[in-house]
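Dear colleague,

Please find below the structure that I am handing over to you.

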Amino acid sequence: MSSLFPTYKRKHIELQKGSGTIVFDQNNKRYLDFTSGIAVTSLGHCHPEVVKALKEQSERIWHTSNLFEIQQQELLAETLVNQTNLDAAFFCNSGAEANEAAIKLAKKFTKRNKIITFKNSFHGRTFGSMSATGQQKIKEGYGPLLSEFIHLPWNDRQQLKNTVDSDTAAIMMEVIQGEGGVKVADPSFYKEVQEMCKQHDILLIIDEVQTGIGRTGKRYAYEHFDLDPDIVTLAKGLGNGFPIGAMLGKSKLKEAFGPGSHGTTFGGNPLACAVSQTVLNIIFSDNFLSEVKRKGIDFINRLVDSLMKLPFVNEIRGEGLLIGIECDQAAELIKALEENGLLTVPAGEKVIRLLPPLTVTDEELETALRIINEAFNNIYTKAI
Ligand SMILES: *Cc1c(COP(=O)(O)O)cnc(C)c1O
């Protein structure tokens with residue numbers, strides 16, 4: 001009998017060690033990890049430079065409190081906002097916390113009451129971020145939630161246009177809905193969002209918790225659509241598994257987040273920042289992201305070539321190395337892939353999500369493709 005709250009229905013697999021894309025379970029079975037701890041371990045498991053950064057900082061100082069200056073935090077903030085229209089960072093410990101900070105800041109700065117988010121979105125599990133989330137199953141039993149949020153259909157320009165008004169504080173969205181099924185909208189939809197924000201002086205909050213830090217082949221996914229966010233939230237890939245989150249914002253917002261307005265005990269401590277700095281030094285280095293882009297395009301094309309001819313495969317979509325295969329029997333296929341040594345994650349009911357580390361090799365992608373083809377073809381032959 002487990003002494004844990006049963007908030008997760010766990011697989012009977014314990015991953016005990018890993019290196020790069022490869023992990024081993026308690027029976028020493030080897031897998032290719034195309035979950036990356038849900039878009040977290042983007043440099044693979046136990047990346048030597050990240051391990052080194054953790055070790056070195058752990059022998060210097062771990063935690064001091066935000067009552068003191070922290071050089072690692074200053075440097076990390078600079079690295080994150082560099083080459084963006086954003087100017088400042090607030091560090092915390094998770095995606096939900098980053099979104100919580102964004103919601104508070106948007107309300108305080110605009111003094112307006114409404115925040116528009118989208119159906120099927122996922123923004124986290126705290127009261128604010130859960131209220132923002134556009135999925136009923138996440139909120140079951142917790143009402144009444146914050147009344148600020150209006151959930152509009154994703155990719156519907158007209159409804160958006162009809163809903164924004166002078167009491168709208170912010171539009172908050174993922175560029176690609178991750179948990180909701182790797183859903184990309186039409187370019188015209190992003191354009192409309194941007195237009196509405198400019199026209200009505202509404203803050204644009206982009207939740208890059210899953211898509212940020214190189215996952216889609218650019219530093220931030222909003223760059224694909226030329227968006228100009230006022231606030232960006234980050235977490236998952238930011239620390240390669242060391243817990244850290246961040247909210248980035250434009251300088252005009254600084255005045256609303258003065259001393260005492262928001263805070264955290266752990267957020268941005270020297271240990272987390274030293275690890276994250278090393279992660280960014282690698283992911284933001286020359287050619288790293290163009291490789292992610294190349295691998296993503298190549299892999300998606302090859303998946304399309306081999307799977308789209310199967311009648312139960314509906315769509316293959318994504319950007320960079322955030323990839324979704326929409327198909328019937330997704331759960332059964334995920335199980336089959338796992339048995340054959342490839343770990344993947346579901347997104348929604350019908351989507352198999354592939355999230356290899358950004359450092360995945362061409363050979364590993366090749367092996368994954370072979371395992372995927374076998375599993376899909378087996379299911380197909382069984383069905384006919
Ligand atoms: C995972 C996720 C979150 C929540 O992050 P936590 O660190 O689990 O709190 C928020 N937004 C998006 C888009 C996510 O994918």
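**Findings**

S36 counts as buried because its relative accessibility is 0%, where buried means under 20% relative accessible area, exposed over 50%, and partly exposed in between (1.4 Å probe, protein chains only). Please note that this is a predicted model, in which local features need pLDDT of at least 70 and side-chain atom pairs count only at pLDDT 80 or more, while totals for chains, interfaces and linings use all residues. Residues are numbered from 1 along each chain as its sequence is written, and side-chain values use heavy atoms, with hydrogens and water left out.

S36 is found in helix 1 (residues 36-39); helices (H or I, at least four residues) and strands (E, at least two) are DSSP runs, numbered from the N terminus. Leaving aside residues up to four places away in sequence, S36 touches T41, R215, L355, P356 and P357, contact being defined as heavy atoms within 4.5 Å. The C-alpha atoms of S36 and K236 are separated by 9.8 Å, although these residues are 200 apart along the chain.

**Domains and their interface**

The chain is divided into domain 1 (15-44 + 288-383) and domain 2 (49-283), with bounds that come from an automatic or database domain assignment. Their C-alpha centres lie 27 Å apart. In domain 1, 28 residues are in contact with 24 residues of domain 2. The area buried between the two domains is about 2100 Å², and carbon and sulfur atoms give 62% of it; buried area is the accessible area (1.4 Å probe) that two parts lose on being put together, summed over both. L43, L289 and L322 supply 28% of the area that domain 1 buries against domain 2, more than any other three residues.

**Nonpolar cores**

The largest nonpolar core has 89 residues, of which L80 and F376 touch the most other members. Such a core is a set of buried Ala, Val, Leu, Ile, Met, Phe, Trp, Tyr and Cys residues joined through side-chain atoms within 4.5 Å. Helix 12 (residues 362-383) gives the largest share of this core, eight residues. Both domain 1 and domain 2 give residues to this core, so it lies between them. Apart from it lies another core, of 21 residues, among them A132, F149, I231 and F257.

Beyond residues up to four places away in sequence, F376 touches L307, L310, F312, V313, I325, C327, L333 and I352. L80 is one of the buried residues of helix 3 (residues 71-81), together with Q73, L76, A77, T79 and V81. What covers them includes strand 4 (88-92), strand 11 (231-234), strand 12 (245-249) and helix 9 (270-283). Just after helix 3, Q83 takes a positive phi of about 60°.

**Strand 14 and its neighbours**

All six residues of strand 14 (residues 322-327) are buried. L322, G324 and E326 point one way from the strand, and I323, I325 and C327 the other way. Strand 13 (residues 313-319) runs antiparallel to strand 14 and is joined to it by six bridges; two strands pair if DSSP finds at least two bridges between them. R317 stands opposite G324. The hairpin of strand 13 and strand 14 has two residues between the strands, and G320 takes a positive phi near 60° there. Strand 14 also pairs with strand 17 (residues 351-354), in the antiparallel sense over four bridges, and I323 has L354 as its bridge partner.

**Salt bridges**

A salt bridge is a side-chain nitrogen of Lys or Arg within 4 Å of a carboxyl oxygen of Asp or Glu, and by this rule the count comes to 20. The side chains of K107 and E148 meet in one of them (2.4 Å, N to O). K107 lies in helix 4 (residues 95-110) and E148 in the loop between helix 6 (136-139) and strand 6 (149-152), so the pair ties together parts that are 41 residues apart in sequence. K107 counts as partly exposed at 27% relative accessibility, whereas E148 counts as buried at 15%.

The side chains of E179 and R353 also meet in a salt bridge (3.0 Å, N to O). R353, at 1% relative accessibility, counts as buried. Between domain 1 and domain 2 the count is one salt bridge.

Yours sincerely
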